[in-house]
Amino acid sequence: MAHRYAIVDDEEPGRVNLRLAMEAHPGWDLVFEADSAARAREALANPDTARIDLLFLDIQMPRESGLLLARELGRMREPPLVVFVTAHSAHAIEAFEVHALDYLLKPLDDARLAQAVERAGLLLAGRQRGAYGQALRAYADGPAYLEQISVRSVGRIDQVRVADILWLEAQGNYVALHTAAGSPLHRVALSRLEAHLNPGEFLRVHRGVIVRRGQGVGLSIVGDGSYLLRLRCGAEVPVSERYVGAVRELLRS
């Protein structure tokens, strides 16, 4: 059974390019195109075009931002998957990556589109719309700081409560979210994730480590300019000389 998709973009060349590029991906049927969020709402309210699995959604549209439509979709119990389409914006891309949402940059790159379509197909096969809806709501309606992190793996999105995270560790292109129950990997830069964590609850102690403030119990010198912080959970994490003053202040408090 073919998956159904739609395109929302105020620029006709953008819609045409995406539609033609999707012809290289069998098993996907175009249901509708819309040049505004308002027209998309009309299509989504029509029983003949309401059921879609994937929505390519432009963000920067003149009459209404696509983010407003995304916010409405995020309140659905099982919304369509959304791939945001955007001109280069570091802030927007950071937010998408933190929340495990997918995006495409203009001008369209065929390889990147193929990756997004593959991810969408895996999520649909795993019946992950409910979990995806949680990620979309966290992005569209979320507070200034994260309360949960949506972790995407192959065909899945799982939720990790920020309140359960003891410390975070950079591992290549991923961040390990260390909790009492395990250490799931989230594909995002540690610095990007840090911007969405409450600094009153978390402290960076090393270029590759952030700890929950209540976890620190002792600091050891292990070499010239090298330190280890012992955590209540039993882990030991490196502390850079740059951050050692803040760590000592933390332990004193």
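Author: A residue counts as buried when its relative accessible area is under 20%, as exposed when that area is over 50%, and as partly exposed in between, with a 1.4 Å probe and protein chains only. This is a predicted model, so local features need pLDDT of at least 70 and side-chain atom pairs count only at pLDDT 80 or more, while totals for chains, interfaces and linings use all residues. Residues are numbered from 1 along each chain as its sequence is written, and side-chain values use heavy atoms, with hydrogens and water left out.

The part to look at is Asp58. Asp58 is buried because its relative accessible area is 2%. UniProt, in an unreviewed entry, places the feature "modified residue: 4-aspartylphosphate" at this residue. UniProt positions follow the numbering used here, feature names are shortened, and annotations may be inferred rather than shown by experiment. Asp58 belongs to strand S3, residues 54-58. Helices (H or I, at least four residues) and strands (E, at least two) are DSSP runs, numbered from the N terminus. Contact means heavy atoms within 4.5 Å. With neighbours within four places in sequence left aside, Asp58 is in contact with Val8, Asp9, Asp10, Gly66, Val85 and Lys106.

Now consider Phe56. Leaving aside neighbours within four places in sequence, its contacts include Val8 and Val85, along with Tyr5, Leu18, Leu113 and others. A nonpolar core is a set of buried Ala, Val, Leu, Ile, Met, Phe, Trp, Tyr and Cys residues joined through side-chain atoms within 4.5 Å. The largest such core has 47 residues, and Phe56, Leu57 and Phe84 touch the most other members. Helix H5, residues 110-125, gives the most to this core, with 6 residues. A second, separate core has 16 residues, including Leu146, Val151, Val162 and Val188. In soluble globular proteins, nonpolar side chains tend to be buried together.

For contrast, take Glu78, in the loop between helix H3 (66-74) and strand S4 (81-86). Glu78 is partly exposed, because its relative accessible area is 41%. Not counting residues up to four places away in sequence, Glu78 touches Arg129 and Gly130. Arg129 is one of the buried residues of helix H6. H6 covers residues 129-141, and its 13 residues reach 17 Å from the first C-alpha to the last, close to the 18 Å expected at 1.5 Å a residue. That expected span is 1.5 Å times one less than the number of residues.

Further along, UniProt lists residues 149-253 as "domain: HTH LytTR-type", also in an unreviewed entry. This span is 13% helix and 51% strand, and its end C-alpha atoms lie 28 Å apart. In helix H8 (residues 244-252), Val244, Val247 and Leu250 are buried. They lie on the same side of H8, because they cover an arc of only 115° around the axis, the arc being that of the directions from the helix axis to the C-beta atoms. An α-helix has 3.6 residues a turn, so residues three or four places apart point the same way. The buried residues of H8 pack against strands S11 (202-206), S13 (216-223), S14 (226-231) and S15 (236-240).

As for the whole, the chain has 8 helices and 15 strands, and 47% of its 253 residues count as buried. Its C-alpha trace spans about 65 × 30 × 30 Å along the principal axes.
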